[in-house]
Each structure stands twice: as structure tokens, then as C-alpha cells.
Amino acid sequence: MIVIAIIGVLAAIAIPNFRRSREMARQNKCFEFSSLLSRTAELYSIERKQYPAAIEDLAPFLSGNRIPLCPIDGKYEWVKGTEEGLPNGKKVFCSQHGCATATWGA
Ligand SMILES: [Zn+2]
């Protein structure tokens, strides 16, 4: 009986920590993908002399010709970045997690 109670207490502590860790891992993966897309946009601009109009235009530059997907089904899109001091820079924005730190464009 005591052993079962101890296991219950440990589970009550461990499960919220596990969920928090899992969510942090998914968010970090999403930011990694956002950053990858931003850097790929720079590569695109070097090669094609203009920035891509849509995220999908980056597919030929990525492994497997695929755009990476947010781990919890967020959609990536470009947004004009004005809130962090770069008035014309664009950012990759995930509808679930928010903006990546990387900026690009003019
Ligand atoms: Zn996301």
C-alpha cells in the first residue's frame, strides 16, 4: 500500500514535468524550422536576386523539396517585422508559436 502511494506521488510530480518538457521541445523545433526558412530565404535571394513571394517558393532549396512542418500543425507565413526595430525586415511567423528570431529582406 505504501509503495503504491509513493509511486502515485512520484507520478504526480513527473507527469507535469514531462508535459512541459515535451512542449518546450516542440516549440524549439518550430523555432529551428522558422530559422531554417529565414536562412533559406536569404539563399534564395542570393541565387534569384529577389526574395521569395511565398514560403512554398523555398521548397526546391530544402532537403526533399519539402517545407518543414510545425510539430503542432502551425502554419508558416511571412510577416512584416516592425516590432523589433527592423522596419522592412520580414519574419517567418508560425500561427501556433509566433515569430522566429531570424529576420530577412528589405
Ligand atoms: Zn509552430
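Predicted model: local features only at pLDDT ≥ 70, side-chain atom pairs only at ≥ 80, totals over all residues.
Let's start with Y76, which sits in strand β1, covering residues 76-80. Residues are numbered from 1 along each chain as its sequence is written.

So, is Y76 buried or exposed? Y76 is buried, because 22 other C-beta atoms lie within 10 Å. The cut-offs: 20 or more other C-beta atoms within 10 Å of a residue's own means buried, 12 or fewer means exposed, and in between is partly exposed, with C-beta atoms placed from the backbone.

Who does Y76 touch? Leaving out residues up to four places away in sequence, the contacts are S34, L37, I55, C70, V92, F93 and C94. A contact means that two C-beta atoms, placed from the backbone, lie within 7 Å. Take F93: it is 17 residues from Y76 in sequence, yet their C-alpha atoms are 5.4 Å apart.

Y76 also belongs to the largest nonpolar core, 8 residues in total: C30, F33, L37, A41, L58, Y76, V92 and C94. Such a core is a set of buried Ala, Val, Leu, Ile, Met, Phe, Trp, Tyr and Cys residues joined through C-beta atoms within 7 Å. Two elements give two or more residues to this core, α1 (2-48) and β2 (90-94). The largest share, 4 residues, comes from α1.

Now that helix. α1 has 47 residues, and at 1.5 Å a residue it should span 69 Å; its end C-alpha atoms are 68 Å apart, so the two agree. The expected span is 1.5 Å times one less than the number of residues. Buried in α1 are C30, F33, S34, L37, S38, T40 and A41. Of these, C30 touches C70, P71, G74, C94 and H97, again skipping residues up to four places away.

What comes after α1? K49 does, with a positive phi near 65 degrees. K49 lies in the loop between α1 and β1, and it is exposed because it has 7 other C-beta atoms within 10 Å. N65 lies in the loop between α1 and β1 too, and its phi is near 55 degrees, positive in a residue other than glycine.

Zooming out, the elements run α-β-β-β from the N terminus, and 16% of the 106 residues count as buried.
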